[in-house]
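Hi everyone, thanks for coming.

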Amino acid sequence: MYFLAVASGGVGVATVVSLGLAPVLIFGWESLRARRLPGRTMLGALVAGVIGLVLITVSVGEPGTTAPRPLLGLLAAFGSGVGYAASTVLSRHAAQRVAPMTLTTVSAAVGALALAPIALAEGIGVPARLAPIGLLLHLGVVTTAVAYALFYAGLRSITGSAAALATLAEPLTAVLLAGWIVGESLPVPVLVGGVLLLGAVTVVHLSPGK
């Protein structure tokens, strides 16, 4: 869903929505399980986060070069954020009993099996050139296997919302790189919405229970 969001709606919107939505959802789930009502600061942060998501949602523009299907990209980003939140909550418990590398291997294998029918239906083909093969190896080893092993190791000692919050460096980096490398431009409401969303989850983490 994340790659669909990137291809359809652009790197910036896909990353901000999918990763920015997850900490808010995880915090809500953790508060619900703890039967703890949010205080004024927390409630304000959650409202700011919702406003940020609304700004991003209503700012989806006309199809363009970097966002050929913006609405589909936005919906896929929402789905990716929900899936990421659920995965983090479930992995938080599994990481206490399973070694990070084992959990990474099992998760990758299950994901590969789940996506294999779709990949086969669409057709699997990789150009026999050094650049695309090297890029695929980098995506598989560095940005997936190593990154998730570190993520699962971190889940052993911190909460799911804190772990999701720590990954918010990715949306900021993605937005900057999307403009620099891909030439992707983001409307002002999207930037404002992204700032509100990221600021909201930061407040959620720094002011627990207030």
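Let's start with S8, which sits in helix 1, residues 2-9; helices here are DSSP runs of H or I, at least four residues, numbered from the N terminus. Before going on: this is a predicted model, where local features need pLDDT of at least 70, side-chain atom pairs count only at pLDDT 80 or more, and totals for chains, interfaces and linings use all residues. Residues are numbered from 1 along each chain as its sequence is written, and side-chain values use heavy atoms, leaving out hydrogens and water.

Is S8 buried or exposed? S8 is buried, because its relative accessible area is 0%, and buried means under 20% with a 1.4 Å probe, protein chains only. Leaving aside residues up to four places away in sequence, S8 touches A67, P68, R69, P70, L72 and G73, contact being heavy atoms within 4.5 Å.

Now the helix pair. The axes of helix 1 and helix 4, lines fitted to C-alpha atoms over the stretch in contact, come within 7 Å and cross at roughly 155 degrees. So helix 1 is roughly antiparallel to helix 4, a word for angles over 145 degrees, on a scale from 0 to 180 between N-to-C directions. From helix 1, Y2, L4, A5, S8 and G9 meet P70, L72, G73, A76, A77 and S80 of helix 4.

Finally, helix 2 (residues 11-34) packs against helix 4 (residues 70-94) at about 45 degrees, with the axes 7 Å apart.

Key: Helices (H or I, at least four residues) and strands (E, at least two) are DSSP runs, numbered from the N terminus. Buried means under 20% relative accessible area, exposed over 50%, partly exposed in between (1.4 Å probe, protein chains only). Angles under 35 degrees count as roughly parallel, over 145 as roughly antiparallel, 65 to 115 as roughly perpendicular and the rest as oblique.
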